[in-house]
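The sequence and structure come first, and my entries follow.

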Amino acid sequence: MMADGDTSDAPPRASTFMPPPPPTFGTAPQSPYGNAGLAIGPYGYPPNGYVRPEKVLGVAYLLWALLGLLGAQHFYLGKWQRGLWYLFTFAFCGVGWCIDLFTLPSQVGRVNAERRAGLR
């Protein structure tokens, strides 16, 4: 439909009522945990509807110290396959338990990054 005297091939203008645009991608309300652990969906909210807190390095080390030979730290981090290997092999005869002493911070960081990205 063309306005009076308009002979251009331009599309008709939208109505004057337009809903507000959605929030900018990557912004979200603050959670009790700060912005840590928020996987942001397209409208600024977690895609699954709830906030998942990050895994804590101190808890992982506590589990490593108390039940590390049984793989408790890997079950806590959601790595259940590795946890089963540790459980059945007694942490690869203690070698894996010693390696975890140095690699546990990077393991926790990777799990938290994957949770923020929505991969876990």
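**Basis.** I am working from a predicted model, in which local features need pLDDT of at least 70 and side-chain atom pairs count only at pLDDT 80 or more, while totals for chains, interfaces and linings use all residues. I number residues from 1 along each chain as its sequence is written, and side-chain values use heavy atoms, with hydrogens and water left out.

**Whole chain.** I looked up the secondary structure and found four helices and zero strands, taken as DSSP runs numbered from the N terminus (helices: H or I, at least four residues; strands: E, at least two). Of the 120 residues, 23% are buried, meaning under 20% relative accessible area with a 1.4 Å probe and protein chains only. The accessible surface comes to about 8600 Å², with 67% of this belonging to carbon and sulfur atoms; the area is from the Shrake-Rupley method with a 1.4 Å probe.

**Helix α4.** I checked the length of α4, residues 95-117: its 23 residues should span 33 Å at 1.5 Å a residue, and the end C-alpha atoms, 31 Å apart, agree with that; the expected span is 1.5 Å times one less than the number of residues. I also noted a kink of about 65° at T103, shortly before the proline P105, where the bend is the angle between axes fitted to the seven residues ending there and the seven starting there. The buried residues of α4 are G96, D100, L104, Q107, V108, V111, N112 and R115, and their cover includes α1 (57-67), α2 (72-76) and α3 (80-93). Just after α4, G118 has a positive phi of about 85°.

**α3 against α4.** I find the two helices packed at an angle of about 135°, with axes 8 Å apart; the axes are lines fitted to C-alpha atoms over the stretch in contact, and angles run from 0 to 180 degrees between N-to-C directions. α3 and α4 are therefore oblique to each other. For contacts (heavy atoms within 4.5 Å), I list R82, Y86, A91, F92 and C93 of α3 meeting V95, G96, W97, D100 and Q107 of α4.

**H74.** Leaving out residues up to four places away in sequence, I find H74 touching K79, W80, R82, G83, Y86, D100 and Q107.

Conventions:
Buried means under 20% relative accessible area, exposed over 50%, partly exposed in between (1.4 Å probe, protein chains only). Angles under 35 degrees count as roughly parallel, over 145 as roughly antiparallel, 65 to 115 as roughly perpendicular and the rest as oblique.
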